[in-house]
Amino acid sequence: MKNQSVLLYLLWGMMIIASCSKMDAYLDIAGRQEISYTGRVDSLKVLPGDGRLLLTWLLISDPKITGITIYYNSKRDSVIMPVKRTQGIDSMDHLFSNMPEGSYSFEVYTWNNTGSRSVPAYITGRSYGTIYKNSLLNRALTNAVISEGDAVLSWGLAEETVTGMEVTYTNNAGSTITVKEPRTAGSTTLKDYKPGSSFSYRTLFRPDTLCIDTFYTTAVTRTPL
């Protein structure tokens with residue numbers, strides 16, 4: 001038993017020496033300096049939009065951060081942002097405009113004035129455009145009738161990404177009225193509706209709960225019975 005214990009101690013000592021030797025060799029290659037990293041961005045999100053994308057993030061750690069670099073388009077393009085840290089948590093964002101419809105990948109780094117930078121934070125998002133807009137259909141209008149001086153519209157089932165409907169009509173005074181309804185509305189009443197006139201409606205969509213833009217279908221014109 002005593003010999004086994006001695007052997008275990010010897011093996012353990014050899015492992016420590018080997019590890020130290022590897023670290024020394026690494027530091028020799030790195031100029032005897034340990035690599036220093038700045039704090040990475042926290043809570044990184046990408047919010048889609050109509051031909052644009054909004055990146056948001058938090059800076060929680062490392063008060064010495066002085067800048068942010070964002071790479072995209074396979075690192076062919078980049079954005080550099082100066083940072084002025086406060087005492088607490090800093091919230092930052094950057095809006096990418098003129099982003100044709102499609103998917104995009106981003107790499108986000110923090111850095112400081114001494115040349116240190118963070119490990120990257122990665123995120124992927126997509127922008128929407130003409131292809132998405134052309135796929136949108138108005139919510140079904142199942143009925144439109146005049147009742148006691150008002151026009152009453154009945155709606156069919158709403159798709160999951162529908163956020164509401166917008167109806168424009170003319171009242172008896174000749175004024176143009178626009179009514180906005182939530183997706184939960186099963187019917188819409190157009191008060192004091194001008195007899196014989198037509199109304200138009202369109203449907204509102206958001207393809208993602210984080211989307212920064214609302215998309216509209218082409219307006220459809222109808223006349224109530």
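Q: At 10% relative accessibility, does D90 count as buried or exposed?
A: Buried stands for under 20% relative accessible area, exposed for over 50%, and partly exposed for what lies in between (1.4 Å probe, protein chains only). D90, at 10%, therefore counts as buried, and R85, at 16%, counts as buried as well. This is a predicted model, in which local features need pLDDT of at least 70 and side-chain atom pairs count only at pLDDT 80 or more, while totals for chains, interfaces and linings use all residues. Residues are numbered from 1 along each chain as its sequence is written, and side-chain values use heavy atoms, with hydrogens and water left out.

Q: Which residue forms a salt bridge with D90?
A: A salt bridge requires a side-chain nitrogen of Lys or Arg within 4 Å of a carboxyl oxygen of Asp or Glu. D90 forms one with R85, where the closest N and O atoms are 2.4 Å apart. The structure holds eight salt bridges, and E166, K180 and R202 are linked in a network of them.

Q: Which parts of the chain does the pair of R52 and D213 tie together?
A: Here the elements must be located, strands (E, at least two residues) and helices (H or I, at least four) being DSSP runs numbered from the N terminus. R52 lies in the loop between β1 and β2, and D213 in the loop between β13 (199-205) and β14 (215-216), so the pair ties together parts that are 161 residues apart in sequence. The closest N and O atoms of this salt bridge are 2.6 Å apart; R52, at 26% relative accessibility, counts as partly exposed, whereas D213, at 14%, counts as buried.

Q: Which residues touch the most other members of the largest nonpolar core?
A: A nonpolar core is a set of buried Ala, Val, Leu, Ile, Met, Phe, Trp, Tyr and Cys residues joined through side-chain atoms within 4.5 Å. Of the 22 residues in the largest one, L55, W57, I68, I70 and F106 touch the most other members. The largest share of this core, four residues, comes from β2. Apart from it lies another core, of 14 residues, among them L153, V167, Y169 and Y201.

Q: How many bridges join strand β8 to strand β9?
A: Two strands pair if DSSP finds at least two bridges between them. Six bridges join β8 (residues 141-147) to β9 (residues 150-155), and these strands run antiparallel. N143 stands opposite S154 in β9, and in the hairpin, with two residues between the strands, E148 takes a positive phi near 55°.
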